[in-house]
Amino acid sequence: MEYISTRGKVEPIGFIDAILMGLANDGGLLVPKNIPQLSADTLQSWSKLSYSELALEIFSLYVNNEIPRAELKQLVDESYATFRDEAVTPVKRLNDDTYVLELFHGPTFAFKDIALQFLGNLYSYVSRKTNSIIHILGATSGDTGASAIEGVRGKEGIRICILHPHQKVSQVQELQMTTVNDANVLNLSVEGTFDDCQRIIKELFADVEFKHRYHLRAINSINIARILAQTVYYFYAYFQLSQEQQAGKVNFSVPTGNFGDIFAGYLAQKMGLPVGKLILATNENNILERFVQEGVYQPGEFRGTYSPSMDIQVASNFERYLFYLYGEDPQAVSAIMEQFKAEGRVVIPADKLQAVQADFAAYGVKNEECLDTISAYHAKYDYLLDPHTACGVAAADKLAVPGEVTVSLSTAHPAKFDESIRLRGIAQTYPEQIQALFDKPQFQKVVGGSNDEIKDELVKFF
């Protein structure tokens, strides 16, 4: 297994080098040179595996023995031993057609733990094996930061700096990041939006000399390890359903802002998982919905919503999908991304739009509609959705055909977004780990949104 750039100007590299490179040195994103194809017999043989056993099989396809199997198994087992549910990502039935895949049973109560517990352990493994320094730089719209910090805090040879948009994440999300007082953790609260934070990260990684001098590594979903780790729970959810009923093709409804979580589903489908519809759920920052419906990719006016982790205009994983949409042609992708940089928009031709609509359905959920969904499902099923999961469920209700089985991805525990849930008069009890955050001091620095200001902070920290 080798990894190549969507822009074609990086020689094929192995798994560990791909993880360390993060953003490709030509500014593109790394993808597998070939996507493994799974037979029906292989899927059947995997169907009774535990989550960790399944993760080991899927990672083995992409690691290509660069990590000995016994050591890879240890990494996987350690990563998922921290989860509160034995199933790691259990599926809960709401009605005959609707299921919820609970992805929030990790240490920080968010789906990001599933990839970042593994990536944190992987970075620690690589640091030990190669005696190298790992300086992690990431941006978060709320959940990635806490999950990444939890994955590497206190680990020797690793430092981590996380950028988050100042006062644009939930209170619990902020506390989860900023109450950590480990010497290898730096939180920067950036005056601006998540898109500003993400742009800074991408531009700093594109400065290859700076990236190499300060040993910068990526934890955002630009890192291919994040995507690979997230494919696992699509397979696991399908297998859980197939044991409960005769599962044909299964729809997945995915709340997404950065296109990473739904791209993992797309990759699982290309590997051979029987996926029906991939439903892309956005909030009022609906650039991705417009792309699927009209073939226009153009940022609009930023809107603060009740689902802040999806308040994203520029989706960092979109380029990976373009690579496959355009027949794995790096020259076409490079031209499109140059056009986007110059003009701020991309318009695809009718034949490509037809292909997009074969791959995805999309729906943008309005603010009040999100809260209505939380209220309705709490009243009808006594099940409390967080606002992001509510967007996924609302999109499934809108786009799935009755009689089809649809799994909505539940990306965070509702306790992380109590400000939104309280608006509908719903009271909840915080888990003990979250309740304890409110009594802890915070450690963060508020900074402006310029690359130079962030660089100065990084140089002092690293």
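The structure is a predicted model, in which local features need pLDDT of at least 70 and side-chain atom pairs count only at pLDDT 80 or more, whereas totals for chains, interfaces and linings use all residues. Residues are numbered from 1 along each chain as its sequence is written, and side-chain values use heavy atoms, with hydrogens and water left out.

Side chains of opposite charge can pair when their charged atoms come close. With a salt bridge taken as a side-chain nitrogen of Lys or Arg within 4 Å of a carboxyl oxygen of Asp or Glu, the model contains 21 salt bridges. One of these joins Glu 57 to Arg 69, with 2.6 Å between the closest N and O atoms. Because Glu 57 belongs to helix H3 (residues 51-63) and Arg 69 to helix H4 (residues 69-80), the pair ties together parts that are 12 residues apart in sequence. Helices here are DSSP runs of H or I with at least four residues, numbered from the N terminus. Glu 57 is partly exposed at 24% relative accessibility, as is Arg 69 at 41%.

Within helix H4, Lys 73 and Asp 77 lie four residues apart, about one turn of the helix. Their salt bridge has its closest N and O atoms 2.7 Å apart. Lys 73 is partly exposed, at 43%, and Asp 77 is likewise partly exposed, at 31%.

A further salt bridge, at 3.7 Å from N to O, connects the side chains of Glu 150 and Arg 153. Both residues belong to a network of salt bridges that also includes Asp 182. Glu 150 is partly exposed at 33% relative accessibility, and Arg 153 is partly exposed at 34%.

Definitions and conventions: Helices (H or I, at least four residues) and strands (E, at least two) are DSSP runs, numbered from the N terminus. Buried means under 20% relative accessible area, exposed over 50%, partly exposed in between (1.4 Å probe, protein chains only).
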